[in-house]
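Dear colleague,

I am handing over the structure below, together with an account of what was found in it. Please read the account with the model open beside you.

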Amino acid sequence: MTRVVFMGTPEFSVPILEGLLAQNYEVVAVVTQPDRPVGRKKVLTAPPVKIAAVAHGLEVLQPEKISGSVEMLRVMEFEPDIIVTAAFGQFLPEKLIQSAKHGVINVHASLLPKYRGGAPVHYAIINGEKETGVTIMQTIKKMDAGAIYLQRAIPITDKDDVGEMFKKLSILGKELLLEALPDILSGRLQATPQNEAEVSFSPNIKREEEAIDWQKNAGQIDCQVRGMRPFPGAFTMYQGKRMKLWDVAVVLEKTEAKPGTIVAIHKKDFWIAAGNQTIVQINQLQPAGKGKLSAVDFLNGIGKEMSIGDKVE
């Protein structure tokens with residue numbers, strides 16, 4: 001039986017771990033990030049992969065930093081045939097990579113060499129890409145630069161957000177890993193080096209990138225909102241306070257108003273002028289210190305004083 005150490009952290013990783021177990025791979029340990037405080041009350045919360053691993057009775061290791069840790073030595077003691085990673089969230093040291101008989105393979109949520117880095121799904125949607133996918137690749141010391149075993153694309157619709165895409169990609173990632181793994185272990189499947197001329201990067205989202213630039217057109221703003229939903233969320237400033245926008249749409253009309261101007265208020269939504277004479281329809285939002293609200297509830301409550309001509313920034 002093939003001995004596997006699995007490393008992963010978020011919901012994306014769970015179907016992949018459970019796929020290995022369902023195919024009777026011997027998962028000897030699961031490595032994931034430490035429990036973290038979550039929400040306004042800072043409740044200490046276990047990563048989804050830890051919850052799944054404990055439910056299956058697996059040994060769980062949670063190093064703050066895997067390199068040089070006792071947890072790394074524990075992994076090496078298992079003498080795994082292969083290490084599988086899926087959104088683990090830490091760099092692996094060369095010593096650990098070399099410790100497994102067949103090395104480390106990674107399930108990456110992108111069509112490498114495009115979008116190397118920690119936020120490939122976010123940037124694919126923000127940039128208006130029509131497709132993304134999953135790559136099964138070798139892990140080497142350089143970030144996401146290993147050779148590719150297998151890759152498959154799926155479309156991004158104009159309704160998809162990060163949450164929906166991660167659900168689709170985790171299932172695709174499980175299927176692709178289980179398809180590739182037997183041939184990787186037997187040596188029948190050889191990896192192909194990435195084309196360095198086509199490399200692009202998707203670093204973790206910075207705080208300032210969450211702010212909406214109303215000079216961009218409505219389509220770009222719609223992509224930004226979906227590319228940051230459900231996390232971290234895109235925001236604008238209204239009356240000096242932060243207001244996250246969770247659900248918007250492109251209006252098929254033009255306006256002469258300056259970008260950032262509220263140009264229409266209806267019963268169920270309101271419209272804001274964007275760049276290139278386009279208009280964004282606001283359907284759901286979250287004022288600072290409040291929960292998510294439909295535009296209807298906002299306009300009937302704390303937003304009832306909103307007027308045409310008001311500005312957002």
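Between the two domains, 14 residues of domain 1 are in contact with 15 residues of domain 2, where contact means heavy atoms within 4.5 Å. Domain 1 covers 3–186 and domain 2 covers 207–311, with bounds that come from an automatic or database domain assignment. The size of an interface is often given as the accessible area lost when the parts come together. Here the area buried between domain 1 and domain 2 is about 970 Å², and carbon and sulfur atoms give 50% of it; buried area is the accessible area (1.4 Å probe) that two parts lose on being put together, summed over both. The C-alpha centres of domain 1 and domain 2 lie 35 Å apart.

Two points on the source should be kept in mind. This is a predicted model, in which local features need pLDDT of at least 70 and side-chain atom pairs count only at pLDDT 80 or more, while totals for chains, interfaces and linings use all residues. Residues are numbered from 1 along each chain as its sequence is written, and side-chain values use heavy atoms, with hydrogens and water left out.

Turning to the protein chain as a whole, its secondary structure comes to eight helices and 15 strands, these being DSSP runs numbered from the N terminus (helices H or I, at least four residues; strands E, at least two). Of its 313 residues, 49% count as buried, that is, under 20% relative accessible area, with exposed over 50% and partly exposed in between (1.4 Å probe, protein chains only). Among the contacts in the protein chain with a separation of 6 or more, 62% are accounted for by residues 24 or more positions apart.

In helix H1 (residues 14–22), the buried residues include Val-14, Pro-15, Ile-16, Leu-17, Gly-19 and Leu-20. Their cover includes strands S1 (3–8), S2 (26–31), S6 (82–86) and S7 (104–108), as well as helices H2 (48–55) and H6 (162–186). Just after H1, Asn-24 takes a positive phi of about 65 degrees.

Thr-139 counts as buried because its relative accessibility is 17%. Leaving aside neighbours within four places in sequence, Thr-139 is in contact with Thr-85, Ile-97, Val-104, Ile-105 and Asn-106.
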